[in-house]
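Here are a few notes to read alongside the model. Have a look at the picture, then go through the points in order.

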Amino acid sequence: MDIIFPVLIGILVATPGILLPGLINMTAAKISLRDGKSCAVVFAAGATFIVLIQSYIAVSFAKFISRRPDIINLLEEVGLGIFVLLTIYFIFIAKKPQQKEDEDEPVKLRSRTSCFFLGVLLSVLNFFPIPYYVVMSVTLSAYKYFSFDNLFVFLFVMGAVSSTFGVFYLYIVFFKKLENRSGFFMKNVNYFIGGVTGIVSVITLIKLLRNM
């Protein structure tokens with residue numbers, strides 16, 4: 001039970017933070033439809049690898065960061081700027097995906113390396129897991145549900161990472177199964193992603209203004 005509990009806590013903490021449509025899981029769905037399931041899974045693995053690093057760093061230094069709200073505010077400000085730029089890009093600059101003229105034409109796969117590093121890049125640009133895991137770990141610690149013991153932290157991160165990849169995989173499989181009815185999604189996927197990043201930008205801006 002001492003081993004299972006921190007893993008379950010990691011799963012329960014990570015799932016709400018990644019379950020709703022976001023930049024990375026929507027991009028995973030887009031890649032699944034455009035470049036194939038294999039490329040999307042490799043993309044998800046790259047993104048999850050960075051989440052592992054981010055969550056471990058966040059939890060390991062949670063005590064220090066929680067005493068320095070200026071650091072959390074700085075991370076949120078940087079994240080706000082990045083997501084505003086991403087919103088502008090996806091809504092106003094990015095080209096609409098082209099529909100296939102021949103549905104029987106085989107999917108042209110990207111290289112696994114490019115898919116992996118695309119996942120890494122987008123996950124690096126997403127700073128929000130760091131303050132999220134800091135706040136959650138400190139809050140749970142106050143209620144005696146979290147320990148900063150090394151083994152507990154490791155198992156917690158493993159649970160969070162497994163949940164993160166699992167949600168990415170659900171997005172990949174779900175949209176792949178609806179491929180024949182995905183015309184509307186593919187035509188408007190950039191607007192969907194831009195809308196998500198725009199909403200996150202507004203929420204972050206409101207939070208920053210309240211903290212002033």
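1. F92 is exposed, its relative accessible area being 68% (exposed means over 50%, buried under 20%, partly exposed in between, with a 1.4 Å probe and protein chains only). You will find F92 in helix α5, residues 69-93 (helices are DSSP runs of H or I, at least four residues, numbered from the N terminus). Please keep in mind that this is a predicted model, where local features need pLDDT of at least 70, side-chain atom pairs count only at pLDDT 80 or more, and totals for chains, interfaces and linings use all residues. Residues are numbered from 1 along each chain as its sequence is written, and side-chain values use heavy atoms, leaving out hydrogens and water.

2. Now for a contrast: S123, in helix α6 (residues 112-125), counts as buried because its relative accessibility is 1%. Leaving aside residues up to four places away in sequence, S123 touches I24, A47, I50, V51 and Q54 (contact means heavy atoms within 4.5 Å).

3. Helix α1 covers residues 4-19, and its 16 residues should span 22 Å at 1.5 Å a residue, which agrees with the 22 Å between its end C-alpha atoms (the expected span is 1.5 Å times one less than the number of residues).

4. Which residues of α1 are buried? They are P6, I9, G10, V13, A14 and I18. These cover an arc of only 140° around the axis, so they sit on the same side of α1 (the arc is that of the directions from the helix axis to the C-beta atoms). L12 and P16 are exposed on the other side of α1.

Terms used
Helices (H or I, at least four residues) and strands (E, at least two) are DSSP runs, numbered from the N terminus.
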